[in-house]
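Please look through the structure below with the following account at hand. The account covers a surface patch, a salt bridge, a pocket and some backbone details.

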Amino acid sequence: MYDIIYIGGGLNYAGAIVAAKNGKKVALIEKDMNQLGGVCLHKGCIPSKMFLHYSNVVYESKNEILKGSLQLDMNTLFEKKDALLKSVTKVLQKQCSHIELIEGEGKVVAPHKVNVNGETLEAEYIVMGTGSHHFVPDGIELNEKDIISSDGVLNLKELPKKVAIYGVGAIGLEMASFFATAGVEVTLINRKEGLLPKAHASISLAVRTQLEKLGVILLENHPIIKAKSTQKGVHITFEDGKSIYMPMLLVATGRKPNVDVAACEDIVVERGIKTDAFFETTLAQHYAIGDCNGKLQLAHAARAQALNVTQQILGNDPRALNLEHVVKFIHTLPMSYAEVGKTKGQLEKEGIACKESLVTLNQFTYSVYNHAGKGLMVSYVDEEGFILGAEILAPNAEELIAMVAMSLAGEMDKEQAKRTILAHPTFSEALERTFYKL
């Protein structure tokens, strides 16, 4: 009998390590121990940001001040990516040395009972963190050769001359940036109209302008009903009956929670595995963290949830996490988008009275040589002056937004924020300016 069984070796490992260090008897079940660390490490944020880093170097090299031209060596990038991931995985395996690691597919089949490899294990507490999987619409024949998911991008050893990307969420926008800055002709297909519908309208427009400047062709209101690999290329058929051929199609239409782990009728599954504010399922002492609970598909959110649950089990009475205060970002190039707290779209939808302060980055000389002329920052406060949130479109926005995240955690108001004096010349001073104007 274990104290805790963690199912899923993604960010669940962070909770398992803490529990083991606190004297708990812990087992961690993962279906492929070579994937310890999860999608983020092996097929998501870590390798994709590595790819984006190097494609941005290519983009920067196209400045007229620099002579010559660069191109990505995808074979070398693939090898370096693999070497990095293997190295990090070994570090994780070492960190988990005090945990019983079990390779297999675990399922909760009854209260406190987990089936894995034909054996039934028991634990006082069970934490499910089984992640999510690609959603592929009907009619699209994914083959990871010329009709690929984001996993396929990370295995490319040669760039295509052209690529179509279906989906304008985080993965679609980031991969459009990657391919376009690397010199690939990109057609970005949107089944609806508009980009970043929850963001401030000025940011949505600026993101569109940035993509167009990179040469990305936007096809809006073009739902794909069929995509099939042929000798002429990928044949893509749209809802209006028109069709095109492309050398490659990347399907980036979102992810769905992995909920098969919950094979016990006491655990309710809705959009994901249903949980309360403390990530406890409808069965007491059974928890679901990360993508599988359908709340937030972000690695740092999953890690925070795993640690929060573990602290509950250890009896440390942690506060409930405010998931609105989790930083969200999309690593587009050369400017990325980040938000925390309330966005313009959320404030309008919820009818919350607020005051906004918008500062454009073209007021700052720093923007001229950082491809940030169309960038902007927006801060929001409520009627009493307390900070509600912010949105940023700037180089490294995901780093800049950290100040606002800390302001929210500290429940700061605009007067306190105005006392902050930030460095010049940086983009952070634009954020300082938004608070000053409130």
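In which loop is Leu70 found? This is a predicted model, and in it Leu70 sits in the loop between helix H3 (45-61) and helix H4 (74-95). Leu70 also belongs to a nonpolar patch on the surface, which it forms with Tyr54 and Val57. Together these residues have about 260 Å² of accessible area.

Side chains of opposite charge can pair when their charged atoms come close. With a nitrogen-to-oxygen cut-off of 4 Å, the count comes to 11 salt bridges. One of them joins Glu174 to Lys49, with 3.1 Å between the closest N and O atoms. Glu174 is part of helix H6 (residues 170-181) and Lys49 is part of helix H3, so this pair ties together parts that lie 125 residues apart in sequence.

The next feature is an open space. Rolling a probe the size of a water molecule over the atoms shows where empty space is left. The second largest pocket has a volume of about 370 Å³. It is lined by 15 residues, and those closest to its centre are Ala320, Leu321, Asn322, His325 and Ala409. Helix H8 (299-313) and helix H11 (402-409) are the elements that give two or more residues to this lining. By class, the lining of the pocket consists of 10 nonpolar, 3 polar and 2 charged residues. Why does the second largest pocket lie between domain 1 and domain 3? Domain 1 (2-133 + 256-323) and domain 3 (335-437) both give residues to its lining, and therefore the pocket is placed between them.

Some backbone details remain. Most residues other than glycine have a negative phi, and most peptide bonds are trans. His112 has a positive phi, near 70°, although it is not a glycine; this residue is found in the loop between strand S4 (107-110) and strand S5 (113-116). The peptide bond from Leu333 to Pro334 is cis, with omega near -5°, and Pro334 lies in the loop between strand S18 (328-330) and strand S19 (336-341). Another cis peptide bond joins His424 and Pro425, where omega is about -5°. Pro425 is located in the loop between helix H12 (414-418) and helix H13 (428-436).

How values were computed:
Residues numbered from 1 in each chain as written. Predicted model: local features only at pLDDT ≥ 70, side-chain atom pairs only at ≥ 80, totals over all residues. Heavy atoms only, no water. 1 Å grid on protein atoms, 1.4 Å probe; cavity = no way out; pocket = protein on both sides within 12 Å on 5 of 7 lines; lining within 4 Å. Points joined across faces, edges and corners; volume = space filled by probe spheres on them. Helix = DSSP H or I, 4+ residues; strand = E, 2+ residues; numbered from the N terminus. Nonpolar A, V, L, I, M, F, W, Y, C, P; charged D, E, K, R; others polar. Domains from an automatic or database assignment. Patch = residues over 30% accessible without salt bridge, like charges linked within 9 Å, V, L, I, M, F, W, Y side chains within 5 Å. Areas by Shrake-Rupley, 256 points an atom, 1.4 Å probe, with all protein chains shown as cover. Salt bridge = Lys/Arg side-chain N within 4 Å of Asp/Glu carboxyl O.
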